[in-house]
Protein chains: 2
Amino acid sequence: MRHMPKDTRQRMVATTATLLQRQGYHATGLNQILTESAAPKGSLYFHFPGGKEQLVEAAIAAAGDSLDRFLGAHEAGSTLESLDAYLADVAGALEETAYLAGCPIATVALEVAPTSAALGAACSAAFDRLIERLADWLERDGFSAGPARQTAQLLYSAIEGALLLAKARRSVEPLQVLRAQLPALVGALHDPVHHGDETAVG
Amino acid sequence: MRHMPKDTRQRMVATTATLLQRQGYHATGLNQILTESAAPKGSLYFHFPGGKEQLVEAAIAAAGDSLDRFLGAHEAGSTLESLDAYLADVAGALEETAYLAGCPIATVALEVAPTSAALGAACSAAFDRLIERLADWLERDGFSAGPARQTAQLLYSAIEGALLLAKARRSVEPLQVLRAQLPALVGALHDPVHHGDETAVG
């Protein structure tokens with residue numbers, strides 16, 4: 001069994017990530033975090049001497065881990081199959097939570113990244129992990145490194161944008177339209193790589 | 001000259017839109033709005049008996065108007081040329097404002113659309129105006145109506161996602177990469193329409 005203080009720290013981070021996802025940075029107060037994570041008052045500055053910004057930084061990193069694991073759990077035969085399965089599950093999660101689920105990192109990035117260098121860097125690092133995973137998948141599909149990274153960034157942008165429209169409309173239609181467009185999108189940006197001395201022609 | 005009360009109302013709406021863009025919904029307090037718009041205290045409930053939600057609803061609609069005019073001001077020979085010029089100016093605005101500029105609608109949509117039906121509808125309507133303009137441009141380029149609308153939605157999602165990455169990274173690179181990808185993206189989703197009895201083949 002772990003030490004109690006570590007459990008408290010983990011609960012605080014997980015609670016913060018959930019609250020950021022539902023309501024963003026500014027609406028998430030320290031008292032709400034302490035109450036909802038059943039943490040004693042002194043535990044905030046014990047675990048996070050830097051206060052709210054440090055706790056949110058940890059929550060963004062944890063959310064990045066968790067989103068990356070969730071994305072990774074959908075790995076299938078190709079990037080297209082993986083993303084299709086992933087987007088289907090994201091759409092399901094939005095519907096099940098009445099559109100409260102979503103990307104906690106996006107909300108914080110829009111609210112405070114321009115004014116907090118630490119939180120901007122945390123959001124950016126979390127986004128980059130997800131983009132790197134997509135880029136790895138695309139390389140396995142035959143993209144060379146540069147185009148894989150750029151296509152991954154475009155795909156990730158399109159996913160975040162579709163999530164935003166889905167939340168505003170309270171409809172999963174933007175995600176379903178994106179799923180339908182993915183084959184054309186990935187096909188158009190495909191750049192078959194030359195593997196060693198084997199000359200692959202698209 | 002307009003009545004003074006109307007000027008006050010317009011100033012409150014414009015100030016709110018600016019604050020939403022920079023810091024989001026929850027960080028934007030009524031006192032800050034009144035102070036920064038130099039509005040007398042009583043003017044809030046005189047012009048907006050529904051309080052903050054009603055004022056933000058008006059600010060989102062005004063931001064939608066303003067963004068739509070800004071997009072429209074970049075109309076050129078083709079959707080690609082128009083969007084390229086638009087994204088170049090958006091990148092310039094981000095750099096000039098140290099990444100405080102951006103889309104006020106996106107921040108509000110992520111923060112509160114799932115919990116406020118009125119604000120969700122306002123964000124959704126503002127997004128739809130921009131998507132409709134893109135769809136009109138694509139139809140003029142030869143897309144038929146259905147694919148034009150779906151491609152416009154994808155383009156708009158990709159733009160919002162690139163803006164999000166740009167703010168998190170404090171770099172315009174995501175917007176520049178998107179500009180470079182647009183021709184492949186629009187080309188891939190192109191569906192040449194049959195005009196009357198003239199059979200256009202792509």
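How many residues does the contact take from chain A and from chain B? The model is predicted, and in it the contact takes 49 residues from chain A and 49 residues from chain B. Together the two chains bury about 3,900 Å² between them, with carbon and sulfur atoms giving 65% of that area. On the chain A side, A:L110, A:P114 and A:L164 supply 16% of the area that chain A buries against chain B, more than any other three residues.

Polar links also cross this contact. Between chain A and chain B there are 12 residue pairs in polar contact, counting pairs with both residues at pLDDT 80 or more. The elements of chain A that give two or more residues to the side touching chain B are α1 (4-23), α6 (104-112), α7 (117-140), α8 (145-169) and α9 (173-188). Of these, α8(A) gives the most, with 16 residues. By residue type, the side of chain A that touches chain B divides into 27 nonpolar, 13 polar and nine charged residues.

The nonpolar part can be followed into the core. The largest nonpolar core has 134 residues, and A:F127 and B:F127 touch the most other members of that core. What surrounds A:F127, leaving aside its neighbours within four places in sequence? Within chain A, A:F127 is in contact with A:C103, A:I105, A:A106, A:A109, A:Y156 and A:E160. From chain B, the residues in contact with A:F127 are B:L164, B:L165 and B:A168.

Next come the charged residues. Side chains of opposite charge can pair when their charged atoms come close. One salt bridge that joins the two chains is formed by B:D128 and A:R169, whose closest N and O atoms are 3.0 Å apart.

Other salt bridges lie within a chain. In chain A, A:R149 pairs with A:D128, the closest N and O atoms being 3.5 Å apart. Because A:R149 lies in helix α8 of chain A and A:D128 in helix α7 of chain A, this pair ties together parts that are 21 residues apart in sequence. How exposed are the two partners? A:R149 counts as partly exposed because its relative accessibility is 26%, and A:D128 likewise counts as partly exposed, at 23% relative accessibility.

A:R149 also meets A:E132 in a salt bridge, at 2.2 Å from N to O. Here too the pair links distant parts of the chain, with A:R149 in helix α8 of chain A and A:E132 in helix α7 of chain A, 17 residues apart. A:E132 has a relative accessibility of 33%, so it counts as partly exposed.

Chain B holds a salt bridge between B:E132 and B:R149, with the closest N and O atoms 2.3 Å apart. B:E132 lies in helix α7 (residues 117-140) of chain B and B:R149 in helix α8 (residues 145-169) of chain B, so the pair ties together parts that are 17 residues apart in sequence. B:E132 is partly exposed, with a relative accessible area of 34%, and B:R149 is partly exposed as well, with 25%.

Which residues are linked with A:R149 in a network of salt bridges? The network links A:D128, A:E132 and A:R149 of chain A with B:R169 and B:E173 of chain B.

Technical notes:
Residues numbered from 1 in each chain as written. Chains lettered and ligands numbered in written order. Predicted model: local features only at pLDDT ≥ 70, side-chain atom pairs only at ≥ 80, totals over all residues. Heavy atoms only, no water. Contact = heavy atoms within 4.5 Å. Buried area = accessible area lost by both parts, 1.4 Å probe. Salt bridge = Lys/Arg side-chain N within 4 Å of Asp/Glu carboxyl O. Polar contact = N/O pair within 3.5 Å; in protein donor to acceptor, adjacent residues only side chain to side chain. Helix = DSSP H or I, 4+ residues; strand = E, 2+ residues; numbered from the N terminus. Nonpolar A, V, L, I, M, F, W, Y, C, P; charged D, E, K, R; others polar. Core = buried A, V, L, I, M, F, W, Y, C linked by side-chain atoms within 4.5 Å. Buried < 20%, exposed > 50% of the residue type's maximum accessible area, 1.4 Å probe, protein only.
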